[in-house]
Amino acid sequence: MEQAAQQINQIDLEHLTDEETVNLAQYGNVIALEHLINKYKNFVRAKARTYFLIGGDREDIIQEGMIGLYKAIRDYRCERQAAFRAFAEICVTRQLCPATKMASSGKSIPITRKDSH
């Protein structure tokens, strides 16, 4: 499987499910990893848009969301029978929410949710 994962190209990825593409990325296929990151970057941007960073940059929040996406790709397990997109949404949210909680406690850089006021 590992050798096959290295040989797949971008065109082949268009015919695979997200779950299959994640599996390839987990086996070290950089093209599969880049494909997922590119496919989900607008999703992460939309999710991050609901947060803001006082005195910070929008890109900082997006970067936090991208870390959550990377963790989703790394940690996804298809045997749990959840769609990758749903798992990715949870991981991105979990990456963004702790910063919000830290901000409300005053212990870190303040990040809060726009629609929480």
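Leaving aside its neighbours within four places in sequence, with which residues is Ala88 in contact?

**View 1. Ala88 and its contacts in the predicted model.** Leaving aside neighbours within four places in sequence, Ala88 is in contact (heavy atoms within 4.5 Å) with Phe43, Leu69 and Ala72. Ala88 belongs to helix α6, residues 84–105, where helices (H or I, at least four residues) and strands (E, at least two) are DSSP runs numbered from the N terminus. With a relative accessible area of 0%, Ala88 is buried; buried stands for under 20% relative accessible area, exposed for over 50%, and partly exposed for what lies in between, with a 1.4 Å probe and protein chains only. Although Ala88 and Phe43 are 45 residues apart in sequence, their C-alpha atoms are 9.6 Å apart in space. This is a predicted model, in which local features need pLDDT of at least 70 and side-chain atom pairs count only at pLDDT 80 or more, while totals for chains, interfaces and linings use all residues. Residues are numbered from 1 along each chain as its sequence is written, and side-chain values use heavy atoms, with hydrogens and water left out.

**View 2. The aromatic pair Tyr40 and Phe43.** The whole structure holds four aromatic pairs, a pair being rings of Phe, Tyr and Trp (its six-membered ring) whose centres lie within 6.5 Å, with planes under 30 degrees apart counted as stacked, over 60 as edge-to-face and the rest as tilted. Tyr40 and Phe43 form an edge-to-face pair, at 6.0 Å centre to centre and with 85 degrees between the planes. Both residues of this pair lie in α4, three residues apart, about one turn of the helix, and both are buried. Tyr40 and Phe43 also belong to one aromatic cluster together with Tyr76, Phe84 and Phe87.

View 3. In helix α3, residues 18–26, the buried residues are Asp18, Thr21, Val22, Leu24 and Ala25. They cover an arc of only 160 degrees around the axis, which puts them on the same side of α3; the arc is that of the directions from the helix axis to the C-beta atoms. Gly28, which follows α3, has a positive phi, near 100 degrees.

**View 4. Thr50 in the loop between α4 and β1.** Thr50 is found in the loop between α4 and β1, the latter comprising 51–53, and at 25% relative accessibility it counts as partly exposed. The C-alpha atoms of Thr50 and Ile61, eleven residues apart along the chain, are separated by 9.8 Å.
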